[in-house]
Amino acid sequence: MIKLRRDAYGFLPCPALPCPALRGASVPDRKPKTTLADQHLFLSPQLDHGEDAEHDTDLDLIASTYRSVLDEAAFDDMVSGWERKLSTSNVGTSQTKVSRRLFGQLVIFRDTLDNLDVPATSDPLKLAVSEVPGPAVVISPNGRVATINIAGERAFGVRQGALIDPALIAPASHDDYEALLRASGGHHNAAHAILTILPAASDYGETFLAEAYLIRAASQNQAHIAIRSLEIAWPPRAGDRLQQAFGLTQAECDVAQLFFQSRNLEAIARTRRVSLLTIRTQIKTIMAKMGAPSNIELMRLLAMVASREQVGLTGAAPVWHDPLSRERIILASGGRKIAWTWMGDRHGVPVVMSRGMIMTYLLPADCEARLKEAGICLYLPSRPGYGNSTIDASLDVMEDNLVALREFLDRIVGRPCLGVGQADGVLPLVAEAAANPDRFHGLVAVGYAGGFDIHGLQRLPKIQRVMLQLAGSAPWVAELMAKSGHRMMRQHGLDWYLKRAFRSSPINQVTLRNPNWTSLIRNACEHALKQGHVTFVRELQLTHYPMDAPLQDLAIPLLYLAPLDDPGIDLDACRRLQQLNPKITIEPVSDAAELVLYQRSELVIDRIIASARQKK
């Protein structure tokens, strides 16, 4: 048997195929570098050596796969192509066979993705913070950070996903700031303002000016607010540009520079040793020549001219960090890292929450207040591959999760507690509770978990259903598509994925139209994808883990909160779980779907508090 060396993520490289079998086929004659997301599910692709019966389908797949690099709609065509192939090829088998021609082209495409540059983003929120070299942040109508650059993290003292501190806005700018907040929710017609910021970091001085304006995304019913520093150094050639573009005289250029740097007409008059009336007249002349109807617009135009001279100095994007600024890292044997944070009462009754792929990292702010009032510490460990928790490449996905979970419970919790699992995040909790009954005194499952009802995968939206099917029968294809999809998300923004994953559910669409929720969802996406697309593939594999035996062996109560609008939920299948083990209780949750933690957060917190109190 040939032994293959796993890469850093535990994926196996595609083995070289025998040359005689490849004569006349479009498979590269060298050993491809492609990494495969198999984890004991897949060692090599199942090639169809017979007649190419699906020639047209394969050609369509190849075409849409290559087009997906430039055309975001082509990804949908690629998903549809695999859906057709899965419905007609090897139905009921554990592995999907592909033609040699298709496999060869996919290997080439995978190598192509590796060699492509990182695409420039078209996400309007990320563009707003990347187009300027200084501090910049975009917030939702309730003040939660949707995106921010590195300079913004220092200047505003906040990270993506957290709430911005209103005290950062100078008192003189409070009215303008509040007007923008009202306008973002559609309750005011303010469009922009110049704000004075009291920076959190001393290296930005005592104050700096920032422009603030609304960003309206087509998919959302409220606007975001961009706040971007205007503190840009006045470059030597800016005066020349003002003369060339707007016909300003040298004296007017000097006044414009002083106005940009101080915004104080009296100070400009003292510096120029002229009367205040003279400066006011010159400013009016400058505004007329530049077509600026107000001082605010004049400041924006001058900032634009100044920034043109600093092309290439952009706002670097930060890597994901815990927005609560509470994260701790466990250094386990073998050098692996287990990251965790918490919400509520730090010294309260312990509850461990295992998060799943459905985009949830933080709970709403009022949920933390309720947890603190109830005396509960909600521990939030990042599962392997999420955020700053690393993967153990030598273990399959379930064992990897169990090892990390046990390490966390032993070193941080140290006593029986309530376990809460969101989506497939509950599966390691159930497996551990069945193996070690003293770990938990109860479990709460929130939302559809594939391992509870594997047949529910057929009811999921197309992109989720196809990816999950491929993870079971052709993991190397799932990894390829996840890598391509990750590239699309980086280029087109979060909305590219959300509208594909959740467009079939009206209640999810309502949630996603609200920027107060999508600010939290953005943070969850960054948490899930910090280490690339690998975590997504492993999560797909975890869904296929057989759970009937652990569920049957549970000796503690499990409350399953089943959102009725989640396409994966079927009440008959839920009742089967109750027959499997009478300790399982099903609670149907109305007006909720996959994003139940946002849609019914009060109910979820109610159940967590009640279940935790049962074993205080």
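## The five-stranded sheet

Five strands form an open sheet in the order E6-E5-E9-E8-E7, and their pairing is antiparallel. Its edges are strand E6 (145–148) and strand E7 (192–197), each of which pairs on one side only. From one strand to the next, the twist averages 25 degrees. The model described here is predicted.

## The H16 and H21 helix pair

Two packed helices are described by the angle between their axes and the distance between the axes. Helix H16 (residues 462–473) packs with helix H21 (residues 534–543) at an angle of about 75 degrees, and their axes lie 9 Å apart. Angles of 65 to 115 degrees count as roughly perpendicular, and H16 and H21 are therefore roughly perpendicular to each other.

On the H16 side, the contact is made by Met467, Leu468 and Ala471. These residues meet Phe536, Leu540, Gln541 and Thr543 in H21. By class, the contact of H16 with H21 comprises five nonpolar and two polar residues, with no charged residues.

Key
Residues numbered from 1 in each chain as written. Predicted model: local features only at pLDDT ≥ 70, side-chain atom pairs only at ≥ 80, totals over all residues. Heavy atoms only, no water. Pairing = 2+ DSSP bridges. Helix = DSSP H or I, 4+ residues; strand = E, 2+ residues; numbered from the N terminus. Axes fitted to C-alpha atoms, helices over the stretch in contact; angles between N-to-C directions. Parallel < 35°, antiparallel > 145°, perpendicular 65-115°, else oblique. Contact = heavy atoms within 4.5 Å. Nonpolar A, V, L, I, M, F, W, Y, C, P; charged D, E, K, R; others polar.
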